[in-house]
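Subject: Structure handover

Hi,

Here is the structure I promised to pass on. Please open it and keep it beside this email while you read.

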Amino acid sequence: MPFVTGLFLIDAPASALNNLGSVPGARTDNTVGVKVIRAKDGLYPYVSAQAFRYWLRTTLENSGLGWQAAPVYREEKVAYTDANPIRWWDDDLFGYMRAPSKRASAVEKRSADESRGGETPTTDTVTRVSPFRVSTLVSIAPVSPTDDFGTMSRHEGDPVPHEHQFYRTTLKGLFSLDLSACGTFSYRKRTGFRNLDDERVKLAQKSNLIHLEDQKSYRLLPEERVKRISTLFEGLAMLEGGAKQTLHYTDVAPVLAIMAVTKGGNHLFGHVVGASSRGLPEFKIDAFQEALEVFQDEILSDVYIGWVKGYLDEERKKVEAFIAERGGDNIRITHPREAFRAIAELLRHPDNQKWLE
């Protein structure tokens, strides 16, 4: 099955992109800490995959690219989307779980909620594993977060102290998009595979989706699937988000990305970028060369490297020299925004729609 497999870096020069709330034992009661992984060699700041996916969803919703975002419904202590991948693009590409309560009080409350007038009826539990997968974004090296102490003093009387943590690092993340799963919806009565209940199957039939009877699935037309996938990559190209932006203003758009269409979902480039002995980002040419050689039969497209000029320029020169020495034109290096858009354009090409099968 073809996947788009990618690695990306976010430059966080003085940032607090994902926070954990108050810190026990801190000097002030309202100290805000950052999320970190505690390892034997130190603290690794991280951004959760959930936070990153929220950034991407929000970017897509506000992008003006025509992204169709599912409405979210709240029911006591749970919240869920409409869970209709036929209509909503994020239900398709980001997955969902919907298990509506059958208690009389819950049914009555849903019926009385006027905001749910366009809700898709749900007759049974439906789930969808996300075709778009992303790792936790983790600092490439351990760092010690800085404690920043401040006060609110724009009032009469004693100042009110407050404190928060931030860090300086490079965050590395991995992503993968299962192309065959995008726009393909199963109705098998098996836990984790039932994307469509009876109501959604009727909608699939009414909408003239392609019926894959042997797979017990329905599939959108190729042009609709390509539209959703390419828009996702357009959104990655303009990613925005993150906590503490008022104080730290961190650009979370990737400063470096490596991507290709591959035969499987295992990650080819996960160890290509790491930390040097000084804890600084390093492009590991030997690891990159090994990945290209070992997985040459599994790389179905050119390899796209997006790299912002001004970020690790000496490392970029090493990669450019490697590409020139290696010869061939199957490694393309450009700005990250152009690289993401090149992937989107690649998937739009009629000759490449075979990757969606």
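First, a term you will need: a cavity is a set of grid points where a 1.4 Å probe fits but cannot get out, and its lining residues have an atom within 4 Å of a point. Please also keep in mind that this is a predicted model.

**The cavity**

How many cavities of 30 Å³ or more does a search of the whole structure find? The answer is 1. The largest cavity holds about 30 Å³ of space. Its lining consists of L9, L256, V273, P281, E282, F283, W307, L312 and E315. Strand β19 (residues 281-283) gives the most to this lining, with 3 residues. By type, the lining of the largest cavity has 7 nonpolar residues, 2 charged and no polar.

The contact uses 16 residues from domain 1 and 17 residues from domain 2.

**The pocket**

Next, the largest pocket. Its volume is about 490 Å³. There are 21 residues in its lining. Which of them lie nearest the centre of the pocket? They are R128, D178, A181, T184 and F193. Both domain 1 and domain 2 take part: each provides at least three residues of the lining. Strands matter for your tour too. β14 (184-186) and β16 (217-219) each supply at least two lining residues. β14 gives the most, with 3 residues.

**A helix pair**

Last, look at two helices. Two packed helices are described by the angle between their axes and the distance between the axes. Helix α5 (residues 222-237) and helix α9 (residues 336-348) have axes that come within 8 Å and cross at roughly 175°. Angles over 145 degrees count as roughly antiparallel, so α5 is roughly antiparallel to α9. Which residues meet here? From α5 come V226, I229, S230, F233, E234, L236 and A237. From α9 come R337, F340, R341, I343, A344, L347 and R348. This contact of α5 with α9 divides into 9 nonpolar, 1 polar and 4 charged residues.

Best wishes

Note on methods
Residues numbered from 1 in each chain as written. Predicted model: local features only at pLDDT ≥ 70, side-chain atom pairs only at ≥ 80, totals over all residues. Heavy atoms only, no water. 1 Å grid on protein atoms, 1.4 Å probe; cavity = no way out; pocket = protein on both sides within 12 Å on 5 of 7 lines; lining within 4 Å. Points joined across faces, edges and corners; volume = space filled by probe spheres on them. Helix = DSSP H or I, 4+ residues; strand = E, 2+ residues; numbered from the N terminus. Domains from an automatic or database assignment. Axes fitted to C-alpha atoms, helices over the stretch in contact; angles between N-to-C directions. Parallel < 35°, antiparallel > 145°, perpendicular 65-115°, else oblique. Contact = heavy atoms within 4.5 Å. Nonpolar A, V, L, I, M, F, W, Y, C, P; charged D, E, K, R; others polar.
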